[in-house]
Amino acid sequence: FFFFLMIRRPPRSTHCISSAASDVYKRQILVIELLANDERVKVSKENVSIAEEKPKKSPPREKHKRKKRELRWVLPGILIRVVSKEYEGGRYYNKKLGVEDVPNKWSFTLVTESGNFLEDLAEDDIETVMPHLMEDVIILKESNRGEIGKLIMRDKKKNIVKIQLYDKPDTVLQCTQDDCCALHNKKLFD
């Protein structure tokens, strides 16, 4: 079906409310003509009601874009927290997500609780998540980057943690809280 809507009113001859022409205008019937399947249909004002206005669509959100910088600490398999309130209108703010993949030195892919993937965040939009004592942790700093151990001590005030490495059980590594991170575990989302 093709519909064509035309609203016809007689022209107003005067703008004076008390004039005779205005009184005639007020009594005129509004006629709506529809053209449907090559047939003209007229509908009087009494049979017409005004439909609710459609809500205006908000302008499309601008993608969270930023100049890409080379990644300094993000590794696949870590658990992070989103700290950007601007990303997706704050939808993921303060949410813990797993780093699913680091396909190149400029980008990473996060996985949400529902299994969706997010790919347009930067390191400045996220922070590391610390595990509880005696839980697994991965080292992010250069000298031991990627090594996994157990968090055996954490001093929040001094920003110091101690990690016993699994590959070297006699070695206890001391670093800052930003130099290590909890491992992403699928059970966190269950």
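**View 1. The hairpin of β10 and β11.** In this predicted model, four residues lie between strands β10 and β11 of the hairpin, and N159 adopts a positive phi near 60°. Strands are DSSP runs (E, at least two residues), numbered from the N terminus. Strand β10 (residues 148–155) runs antiparallel to β11 and is joined to it by six bridges; two strands pair if DSSP finds at least two bridges between them. R154 stands opposite V161 of β11.

**View 2. The two faces of β11.** In a regular strand, side chains alternate between the two faces of the sheet. Buried means under 20% relative accessible area, exposed over 50%, and partly exposed in between (1.4 Å probe, protein chains only).

**View 3. Pairing of β11 with β12.** These strands pair in the antiparallel sense over four bridges, and a hairpin of six residues joins them. V161 stands opposite C175 in β12.

View 4. T176 lies in the loop between β12 (172–175) and β13 (180–182). T176 counts as partly exposed because its relative accessibility is 29%. Leaving aside neighbours within four places in sequence, T176 is in contact (heavy atoms within 4.5 Å) with N159 and V161. The C-alpha atoms of T176 and K156, 20 residues apart along the chain, are separated by 9.4 Å.

**Notes.** Residues are numbered from 1 along each chain as its sequence is written. Local features need pLDDT of at least 70, side-chain atom pairs count only at pLDDT 80 or more, and totals for chains, interfaces and linings use all residues, while side-chain values use heavy atoms, leaving out hydrogens and water.
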